[in-house]
Each structure stands twice: as structure tokens, then as C-alpha cells.
Amino acid sequence: MTTTIHAQALLFDNDGTLVSTLASVERCWTRWAHEYGITAEQFARVPLHGRTAVEIVGDLLPAARVAAAVARVEQLEVEDVPNGGVALLPGTREFLDALPADRWAVVTSATHRLAEARLAAVGIRPKTLVTADDVSRGKPDPEPYLLAARTLGVDPAACVVFEDAPAGLAAGRAAGMTTVALATTHRAEELDADLVVENLSALSALVTDGGVTVSARG
């Protein structure tokens, strides 16, 4: 497995990669499902992690109800942010602080409003942020990561994607990018990537005129 990666830009998923939101997501979606009469059995049949809210809701409700239902779950999640709804994962602050602002982006399946609320709560302010509102197709489609590369002005082949979810890793691979999996929400053996580590604390970044070298510690 790869232990050293050279890149021109680093693209980070947010939830489960930079920050932990699992408890918040569980609280808010459980309340939402109760409000909309979704049973636990129905909810369990729908893939959740790494997908946009509109895709998840679209699998559970008739099309005519989707827009209002998506707005409701977004409101619940935004309101939950101050209630301990987000926390930095190990290594996030140190790793991002080592990077120039124009060499990295956050690429998330959350809406812009929710992503900004979560990032602001932990003091992360990316110069480039790609959200569900910016694309027509979410992960595992490569569109979000290709948009981030285009915004940064970097060839997709020179980008490295950091993800915790299989859907996000699939999106990175489909975009022709190198992938790094963080085993924060899935077991390592469930993650298909060029490099698999526990979290960002297991990595170091060396910035030079030629780009960024990411290495696994130890």
C-alpha cells in the first residue's frame, strides 16, 4: 500500500473526515424520521453515509414531499450544531494548519448552510468549499471532486481525496484522483483506497514549491 503521496491539491470530505458529527446526525435524522412517519425498518434499508440529504429523503418519500422534508432535516441539523453537534477529529487542526489556503478544499455532501455552520463551530474556514448545493450529482458521482479541482485550477490526477465513506472514496476514484481513507466511521477492511489510516493524526504534510507530500507517520 502507498505510504507517500505527492499532490498539487488536497480535497477533504468533512463529516467523518475533518469533524465528528455522528451523534448529531443520529439525533436529528431519528427525530426527522419520527416526524415523517418513517419506520426504523424503512430507514435501515436506505444507504446514508456520504450521500446528500435530498438523495436520502428521495428514497424514503414521494417526490412532492422531498423539498420540504430536506429543508426540515437541514434545520434540525443546523440547530443541533451548538448542542455538541460537531467536534474536531484527531489531527485535523494540525494537518490543515500545515497547508496553504489555496492548496486544499472541503468537499461535502451537506448543504452549504449546514457545512458552514459545522465548520464555523470548530474554526475551520476553507477558502474553497464545495457542497451539495453546488452540484447536480452527489457522491459517489465524481462531480463534487471534479468541481473542487477545477475551482483550485488543478489537474484531477494531481489531487488527493481524504474520505471516511465508501461513497466518497468511489467518487474520488471515479475522478481519477489518489484516495486516502480514514477509518473513523468504517472498518479499515471496508475501505478501498490507495492509503488507509486511522485519522489525520497518522499523517504529515510537507509543502514545497512543487506541491504537497503526504506521508504516513512511522
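Predicted model: local features only at pLDDT ≥ 70, side-chain atom pairs only at ≥ 80, totals over all residues.
Glu190 and Arg187 join their side chains in a salt bridge, at 3.9 Å from N to O. A salt bridge here is a side-chain nitrogen of Lys or Arg within 4 Å of a carboxyl oxygen of Asp or Glu. Glu190 is partly exposed at 38% relative accessibility, while Arg187 counts as exposed at 51%. For these labels, buried is under 20% relative accessible area, exposed is over 50%, and partly exposed lies in between (1.4 Å probe, protein chains only).

Residues are numbered from 1 along each chain as its sequence is written, and side-chain values use heavy atoms, with hydrogens and water left out.

The structure has 14 salt bridges, including these:

| Pair | N to O distance |
|---|---|
| Arg51 and Asp59 | 3.0 Å |
| Arg173 and Asp192 | 3.8 Å |

Arg173 is partly exposed at 38%, and so is Asp192 at 49%. Asp59, from the other pair, is partly exposed too, at 44%. Salt bridges also link Asp13, Lys139 and Glu163 into a network.

Now for the sheet. Helices (H or I, at least four residues) and strands (E, at least two) are DSSP runs, numbered from the N terminus, and two strands pair if DSSP finds at least two bridges between them. Six strands make an open, parallel sheet in the order S6-S5-S2-S7-S8-S9. Strands S6 (129-130) and S9 (195-197) are at the edges with a single partner strand each, so one side of each has no neighbour in the sheet.

Strand S7 (residues 159-163) is mostly covered, with five of its five residues buried. In a regular strand, side chains alternate between the two faces of the sheet. In S7, Cys159, Val161 and Glu163 point one way, and Val160 and Phe162 the other.

S7 pairs in parallel with S2 (residues 9-12) over four bridges, where Leu11 stands opposite Val161. S7 also pairs in parallel with S8 over four bridges, and there Glu163 has Ala181 as its bridge partner. The chain goes from S7 through H8 to S8 in a right-handed β-α-β crossover (with the strands pointing away from the viewer, the path from the first strand over the helix to the second runs clockwise). Further along, three bridges join S8 (residues 178-182) to S9 in parallel, with Ala181 partnered by Val196.
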